[in-house]
Amino acid sequence: MAEYGFFGFLWESSLIIKGVFFLLFGMSLSTWSLIFYKCWIFSQANKNILEMKKNINFAQNTAGKFSAGVAHTVMQAGLSEKKRLQSLGLMHMENGRFALESIRYALHDTAATENERLYGSLSYLSTCATVAPLLGLFGTVWGIMSSFSSITGSGLGVAEVAPGLAEALGTTAVGLMVAIPAVLAYNHCLRQLSKVELGLGEFVSDVLNQAKTELSFPKNGDTLT
């Protein structure tokens, strides 16, 4: 078996071992695809936040001038709420506190929704990091059991089945190759998500301060966030 190498072992292995390898290869492919996708998503989110923070003007409804993104979505929610309040005649000084609270709720609620959307599918990386080593270990244990079963049933010596024992450890190796990048990527994505959450929080504060100015609240008035 050893002379055929790893792929020869895989070809001659049981359906259980083949299934373990194919599952691990599938998890590896999906994990790396998700890693690249999430890195791109977080990069675009941070870029959108910086763009909106530098150029946004709540009073002049300038959100439509910029590309779609997390901050753009949050801003649109605030502008939609402002438009609704204007249609009800509530965007005036005497209704200022109510209007600010309503806009604040719309902004924070949308920001929370966007953060949750960005976190979505990250749990898959955590699951792969946990399951892949166990799946690899299961394949190794199964391969070792099969090898020792061959010794018992056919009278083969350890030397004859040793190559099979060594190659059976390949499932554990592949499991670790899936889990290690998944753990590192999961922790990196959590840091990027925290950065996005902080940026969105600052952006919401900026928008609320602009709304406060539009409603002619005093500069040293109540804290808005």
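Colleague: Why is the pair Arg-84 and Glu-81 called a salt bridge?

Modeller: The criterion asks for a side-chain nitrogen of Lys or Arg within 4 Å of a carboxyl oxygen of Asp or Glu. The closest N and O atoms of Arg-84 and Glu-81 are 2.6 Å apart, so the pair meets that criterion. This is a predicted model, in which local features need pLDDT of at least 70 and side-chain atom pairs count only at pLDDT 80 or more, while totals for chains, interfaces and linings use all residues. Residues are numbered from 1 along each chain as its sequence is written, and side-chain values use heavy atoms, with hydrogens and water left out.

Colleague: Where do Arg-84 and Glu-81 lie?

Modeller: Both belong to helix 3 (residues 70-87), three residues apart, about one turn of the helix. Helices here are DSSP runs of H or I with at least four residues, numbered from the N terminus.

Colleague: What makes Glu-81 buried or exposed?

Modeller: Buried means under 20% relative accessible area, exposed over 50%, and partly exposed in between, with a 1.4 Å probe and protein chains only. Glu-81 has 13% and is therefore buried, whereas Arg-84, at 39%, counts as partly exposed.

Colleague: How do you know that Arg-104 and Glu-101 form a salt bridge?

Modeller: Their N to O distance is 2.5 Å. Both residues lie in helix 4, three residues apart, about one turn of the helix. Arg-104 counts as buried because its relative accessibility is 17%; Glu-101, at 38%, is partly exposed.

Colleague: Which parts of the chain does the pair Glu-202 and Lys-53 link?

Modeller: The closest N and O atoms of Glu-202 and Lys-53 are 2.7 Å apart, and the two form a salt bridge. That pair links distant parts of the chain, with Glu-202 in helix 7 (residues 170-214) and Lys-53 in helix 2, 149 residues apart. Glu-202 has a relative accessible area of 37% and is therefore partly exposed; Lys-53 is partly exposed as well, at 29%.

Colleague: How many salt bridges does a search of the whole structure find?

Modeller: The search finds four, including the pairs discussed above.

Colleague: What does helix 2 give to the lining of the second largest pocket?

Modeller: Helix 2 gives the most, with seven residues. Helix 2 (15-55) and helix 4 (96-119) each supply at least two residues of that lining.
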